[in-house]
Amino acid sequence: MANESDPASNQGESEGQDDDAGYTDVDQPTSPLRPSFPIVGIGASAGGLEAIEALFHGIPEGLGASFVLVQHLDPHHKSILAELVARFTPMPVVEAASGQSILPDHVYVIPPNRELALLNGALQLMAPTAPRHLRLSIDYFFRSLARDQGTGAVCIVLSGAGSDGTLGLRAVKGEGGAALVQSPESAAYDSMPGSAIATGLADAVLKPGEMGAWLEAYTRHLPAAGILTQVLSEPESSSDADKLFVLVRNRSGYDFSLYKEGTIGRRIERRIAVNRVDTLSEYLAILHDHPAELDRLWKDFLISVTQFFRNRKSMTALEAKAIPGLLSNHTGTEPLRVWVPGCSTGEEAYTLAMLLHDHFDRSGARRHLQIFATDIDDDALQIGRLGVYPSSVAADVPAHFLRRYFIKHPQGFEMAKSLRSSIVFARHDITRDPPFSRIDLISCRNLLIYMQSALQERVLDTLSYALRATGILFLGSSESIGKFAHLYETVDRRARIFRRLGVDARAYRPVAIFPRRLQSDGGGASPLELDAGEGELERLTRSTLLKEHTPVCVVVDERHQVLYIHGRSGAYLEPASGRASMNVLRMAREGLRAELASALREVARTQQIRRIERLRTRSEDGRERRVSLTVRPLPADLPKPGAFMILFEDGGPVDAQDSAVSPQDAEEIGDSDRVYQLEQELVENRENLQNANEELETSNEELQSTIEELQSSNEELMTSQEELSSINEELHTVNVELEDKIRQLEATTDDLENLLMSTELGTIFLDVDLKVRRFTPAACRVINLIPADVGRPIEHIVHKLEYEGLVADTERVLNTLEPRTLEVRSRDGVWYSLRITVYRTGNNAVAGVVLNFIDRTEHVMAEQRFKQLLERLPDATILTNGQGEIVQVNQLAEDLFGYAAGTMTGRPIEDLIPDDIREQHRQQRRAYYRAPNARPMGRPGLSLIGVRRDGSTFSADIAIGPIPSASGSLYVATVRAAKEQTLVRAAQSDPPGHRC
C-alpha cells in the first residue's frame, strides 16, 4: 500500500476544511511561482569544508540547478563561508538574504545565527528559537525545501557529527525528491552520513567528487512535472502504467493502482530520472530485467513522512477534548485498545502512548494500554520495534516527555520500556486484511488523502467496523469522513477528531476487486462521479427496463435452493405441499420438473448454457401454455460460487390446432406422446441413477478420506492436550513463583515503608517534572510538606531554608545528571548537608531526583567552637593530618610564619622547616606517627629553627601531640619563638620598672 507509510508530505494539510467535503485530493498543480529547475540543499557540519570543496569541484558548468548550503556555524562570529566556497566554483556565491529569489547556477550560503527556509522559490531567514545545542538547521531547511519544491528538491548530506539532516531527508523523499549521502569512509565525521544512510532512503551513497556527474544525469532525465500523472489518469494511454502495477503487485503482493495518480506519478518520475531513461516504456524494460529496481520502486511508494507530535495543534486537541472522554467511557476492566494503521516507523504510535501514559499518571487512572501499530513496510516496522531514533527528534518532542520517555543511546534516543511494552508492531494491509475489533481510538492520519474515492470508502468502512461505540477516529487535517458522517459526531472539526455513534456500521465484507479505473463503457464519468440527478434517472431507467423486458429469472445454488427471484414466477413455480421447501425442483410446475432437473445436472457438469424449448405446463387457470427454459452457470468470482440462473420465457397458450383432433387421433397421439414421455423419463432416470451411483462412490471416498483426516486430527488433538497439560504445569509453576515474588515484594515494601517512617534522614523523591512523589517525616522539618502535597511541584511548596536556589539546582542535576552537595541553613538556625542526586529505575532510566537533608548542626557548632578555641590559644598552633599536610592553623601561626590568611592550609609541614633538615624531619615525623605521644620537640641544648614565608629563620620552642579522630588521627604543634620566650622570662624575674 503506497500510503500505509504515508508516502508524501504534509502538503495540503489545510486546517479549516469542512468535514462534508467528501474525499480530499491534495495533489495540487505546481505553483507558477516555483522555479522550473532543481534546487539542491546541501547540509554539512564538522569536517564538511573539505567535502564541500570536492563536491563543487565535481559539478559541471551550466548544470542549471541552484545550490543552497546549510552548515552549522558559530552564532557569535561573522562567517567567511561564502568567500571560501567561492574559491571552489565559478558559480556566483552569495550569503542568503531574506526575500531573495533563487536563480539557477547560483550558490546561496546560510548566514550565522539564522534558520533558512523557502517560500515559493524565495529564501526566508528566520530567527532561531531553540537552544543552540538543539538547533537542527539542516533538517529545518530540508523540510522547507521539500514542502516548497516537491519533486524539484534534491538534498545532499555531507560530513558532520550528530544526526541533523536525517528527518529532512525523509521529508524530501516523501515529496518525490532525490537524496544523496556522502560515503562514510570519505567523511571526516561519519555520524550524519551514517544516520542518513540508516533510513534506507538514499538514492546514492557517493564520494563528494562523484555527486556532480550523478546530478547531471538526474536533471537531464527528469520528466516534465506531472507528465506521468497525466498518463496514469488517461485510460487510452494507460497500458504501460497497468503493466507497471502488475509487475509491482507480482513482486510485492500489493496493488497500488487505486492510489492517486499524483502520489504514484511523482515517485515513478523520480525513479525514471535516477535510472537515466526518458520514458515509462524504457523504465518498464528495466523493471522486467532488474527485480531489485522493482523492490526500490515499491519501497519508494512507501516513503514515510512522519514525526513525533506531528501537527502539534491537532495533538493538543486530541489530548484535551478526546482522551478524557475516552477514559470516562471506558470501563477499565479491559485494555484500552488503540490502532495506528500506516504507522511507518512508529513515531505516531509512541506519541499516542506518551499522551495516554501521561494522562493516566495525571488522572490517577489505572489502565492497561494496548496499541496496534500496523504497516506493510517490514523495514519501517523493524525500526519501530527497536524504538531507537536519531538525536534530532529532540526538536519535535516536548522537554518533559523527552526527559521521561527517552533514554540516551549511542545512535540517539531509545524509547522507554514502559512505552515499548504497550505497542504491538505488525504487518497489516488495511485495504484488504480483516481489521482489528473493539478499538477505542484509531489514528489514521494522512493516509486517505493518497487514495482514490473507491479505496477511501473501503478503508473508512473498515475503520468504522473496527471502532467501538463512542470510539474516537483521528484523521489528518486534509481528510474527512464523507458519506460516513451519519456514523459519527464531530469532537473537533479543525483537528479532524470524530466520535463513533452507538449505531451499527455496515457489516464488514471481504475486500472487493476494484478495477484500476472506474468508468462507464462510453468513456464518460464513473458511476461514483455522477451527480444525484443523473444517478436517480439511471436507476429508474434500469428498473423500468428490467420490469418490462426481462424474463422471469430464478437464481439457485448448487443444492438447487432458491436464492433470488426476479419477476412474477407463479406461472412456473408454486409452493410444494407438505413441509415448506425452497428447492426449485419441488416448486416447479407439472411438465417442467423433469426437464429442469436434467438441465441443471448437465450445466453443473459441463458449465455450458442449456436451453429447452416448447415445454408445456398448466397454469393456475387450468390452461396449457408453452414455456422455454434456459439454465446458465453464474461466474465463479461472485460471492456465491456454483450458482445457476434459470430463465423462464412464456411461449403463449397452446394453439387450437393442436387441440382440434378426432378422438381416435387424439388417443393415438396421446398414446404416442405418453410412450415417448415414458421413454424419456426412463433414460433420464437411468442417467440420474448412474450419476447418483457415481456421486455415492465419490462421497464414499470422501467420507473415507474424512475419517482418516479425523483420526489424524484426533491424534493431533491428543498430542495438543498433552502439550497443554505440560504448559498448564509450567503456568502453575510460574504462578507459584509469581506469588512468592509478590510476597517478597510486599515484605520489601513494608520494610521500605518502615525505614522511611523511622529514619531521621530527611528525604524527598521528585519525578522528572519536579513533582513530589514521596517523602520521609524528617523532611517535614525542612520543607512544609503534608500528604496532600504528593503530586504538587516542589516550587509551589514553602520551605524553611535560607537558600533560594533549591529548584534551580534540582533542575541542573536533572539536566546534567551530576550530583550536587552543599551546606544550607534553616531560618531557625539548623544546618543541613543537602545532597541532590538522580533517581534511576531498574533499567537505568532517569525518573526524577532525590533530595537528602542531613542535620549537621552539632558538627557545625563543634567546628565553630573548636575554631574559637584555637584562636584563643596563646601560642601559634598548627594541625596536620597523617600525611603531614596542614589542615588548620590559628592567626598567631599565620602571623608568626608570615603567611596571608588561609594560605597555609594544604601545605606540607616541611615547608616550615629549613631545607637542609627537611628530609630528616620527614623521617622523624613518620617515626613519631607510629608511636605518638604529647611532648616537646628536640632535646636540651638543641635549638629548633622555623622558616618564615619570606625565607627568614627564627629559633622556636615546639610542643607536639596527637588528637584522635574517627576519620584518622590529627597532630597538633604549638610554636613559640625562642626570643619572645626569653623576654617573657626576663620580665618575670626583674624588679618592676626594669627591662632587658
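Helices here are DSSP runs of H or I with at least four residues, strands are runs of E with at least two, and both are numbered from the N terminus. The model is a predicted one: local features need pLDDT of at least 70, side-chain atom pairs count only at pLDDT 80 or more, and totals for chains, interfaces and linings use all residues. Residues are numbered from 1 along each chain as its sequence is written, and side-chain values use heavy atoms, with hydrogens and water left out.

Let's start with helix 22, which covers residues 663–758 and holds Leu731. Leu731 counts as exposed because its relative accessibility is 54% (buried is under 20% relative accessible area, exposed over 50%, partly exposed in between, with a 1.4 Å probe and protein chains only).

Now for the strands. Two of them pair if DSSP finds at least two bridges between them. An open sheet has 3 strands in the order 12-14-13, with antiparallel pairing. Strand 12 (388–389) and strand 13 (406–409) sit at the edges with a single partner strand each, so one side of each has no neighbour in the sheet.

| Strands | Bridges | Example partners |
|---|---|---|
| 13 and 14 (residues 412–415) | 4 bridges | Phe406 and Met415 |

In general, strands of a sheet pair through backbone hydrogen bonds, either parallel or antiparallel.
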